[in-house]
Amino acid sequence: MMWYRPDGFTLGGNGRAHLKVDGLAAGYGPVQVLRGLRFEARPGLTVILGPNGAGKTTLLRALAGLIPRGGEVLLDGEELPEKTHEIVRAGMALVAEGRQLFPQMTVSENLELGGWLAPKAERERRLVQVLQDFPKLRERATQLAGTMSGGEQQMVAVARAMMSAPRLLMLDEPSLGLAPRMVDELLAMARRIADAGTTVLMVEQNVKKALAVADRGYVLERGALVASGPARLLSRSTVVREAYLGAQAQDTTSAADAARRGRTQASPTAAAAATIVAPS
Ligand SMILES: Nc1ncnc2c1ncn2[C@@H]1O[C@H](COP(=O)(O)OP(=O)(O)OP(=O)(O)O)[C@@H](O)[C@H]1O
Ligand SMILES: [Mg+2]
């Protein structure tokens, strides 16, 4: 049995949530990690790729209000609030890196926490829906979250985020540390969530598999976006192929370096659609 309903999710947005970010800046104290980022998450699934330390988590944390941010962030044309609970209320939820469940609480207690902003009756209604969407979690409702496997915990973390009935769901490396079959299931689930109407913005290091389920993608390196485009074309671009797909032996060849050396994409079509943003 799959973890989630194969015939679609009942909890979901209206399929139109559109995030537009311009001049995003964020960091930690005096350390600025991101500066001047311009990107968007349109309805569907957008993936952000990039090496360790590039600033991917920082980006999601800034959008979730967990660290201060600068720049303009518009959700469906409306300025995104700054405080986390207001951002959740505005319709954005984050599944953080490492899942961040409460290990001593049961699955259903963890899920209920995801609906903390909703009145009790609404929270109960969503819990019923989320257990329909994730039937395997219903069997595990009374299990302590900390006793579940990594993949199971990731499902709980995603289901908990869905309890806030988000219009836009942010996922930070959902496949991290999971066995290949579970990676496939998690990424397929992200796709289904997007298809059911919740815009998905996902950070992933599993480049090939992520691009296979995504509509569009960006490559973030050292706090700057160095490439972007439709996922299918991005996966064919020289920048992504050399630095992230199959060219592991050339780890020193970053996408930025490749772009700097003026290499072009695999095909004229890819070159036209997968934009290489020249690093400054
Ligand atoms: N709490 C923090 N305080 C200070 N610096 C931090 C903090 N968290 C992250 N950083 C720094 O910010 C930079 C970006 O980190 P971030 O976690 O966003 O990268 P990432 O792309 O998510 O990497 P990974 O793929 O390893 O998860 C790194 O140089 C990191 O050391
Ligand atoms: Mg990270």
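This report describes a predicted model of a protein chain with a ligand.

## Basis and overview

Residues are numbered from 1 along each chain as its sequence is written, while chains are lettered from A and ligands numbered from 1 in the order in which they are written. In this predicted model, local features need pLDDT of at least 70 and side-chain atom pairs count only at pLDDT 80 or more, whereas totals for chains, interfaces and linings use all residues.

The protein chain has 12 helices and 11 strands. These are DSSP runs numbered from the N terminus: helices are H or I with at least four residues, strands are E with at least two. Of the 280 residues, 49% are buried. A buried residue has 20 or more other C-beta atoms within 10 Å of its own; an exposed one has 12 or fewer, and a partly exposed one lies in between, with C-beta atoms placed from the backbone. Take the contacts between residues at least 6 apart in sequence: 69% of them join residues at least 24 apart. A contact here means C-beta atoms, placed from the backbone, within 7 Å.

## Around ligand 1

The shell around ligand 1 holds 13 residues. Y28, N52, K56, T57 and T58 are the closest. A residue belongs here if its C-beta atom, placed from the backbone, lies within 6 Å of the molecule. The largest share is that of α1, with three residues.

By class, the shell has seven polar, four nonpolar and two charged residues. Nonpolar covers Ala, Val, Leu, Ile, Met, Phe, Trp, Tyr, Cys and Pro; charged covers Asp, Glu, Lys and Arg; the others, Gly among them, are polar.

Helix α7 runs over residues 180-195, 16 residues in total. From first C-alpha to last, α7 reaches 23 Å, close to the expected 22 Å. That expectation is 1.5 Å times one less than the number of residues. The buried residues of α7 are V183, L186, L187, M189, A190, R192, I193 and A194. They pack against β3 (45-49), α6 (150-162), β7 (168-172), β8 (199-203) and α8 (207-213). Just after α7, G197 has a positive phi of about 115°.

The largest nonpolar core has 82 residues. Such a core is a set of buried Ala, Val, Leu, Ile, Met, Phe, Trp, Tyr and Cys residues joined through C-beta atoms within 7 Å. A159, M170 and A190 touch the most other members. Leaving out residues up to four places away in sequence, M170 touches L60, L63, A64, M92, A93, L94, V95 and L201.

Six of the six residues of β9 (216-221) are buried, so the strand is largely enclosed by the rest of the structure. R216, Y218 and L220 point one way; G217, V219 and E221 point the other.

β9 runs parallel to β3, joined by four bridges. Strands pair if DSSP finds at least two bridges between them. β9 also pairs with β10 (224-230), antiparallel, over six bridges. R216 stands opposite T46 and also opposite P230 in β10. Two residues lie between the strands of the β9 and β10 hairpin, where R222 takes a positive phi near 45°.

## The loop at L245

L245 lies in the loop between α10 (238-244) and α11 (255-260). With 14 C-beta neighbours inside 10 Å, L245 counts as partly exposed. Beyond its neighbours within four places in sequence, L245 contacts V207, K208, S235 and V240. S235 is 10 residues away along the chain, and the two C-alpha atoms are 8.1 Å apart.

Methods. Contact = placed C-beta atoms within 7 Å.
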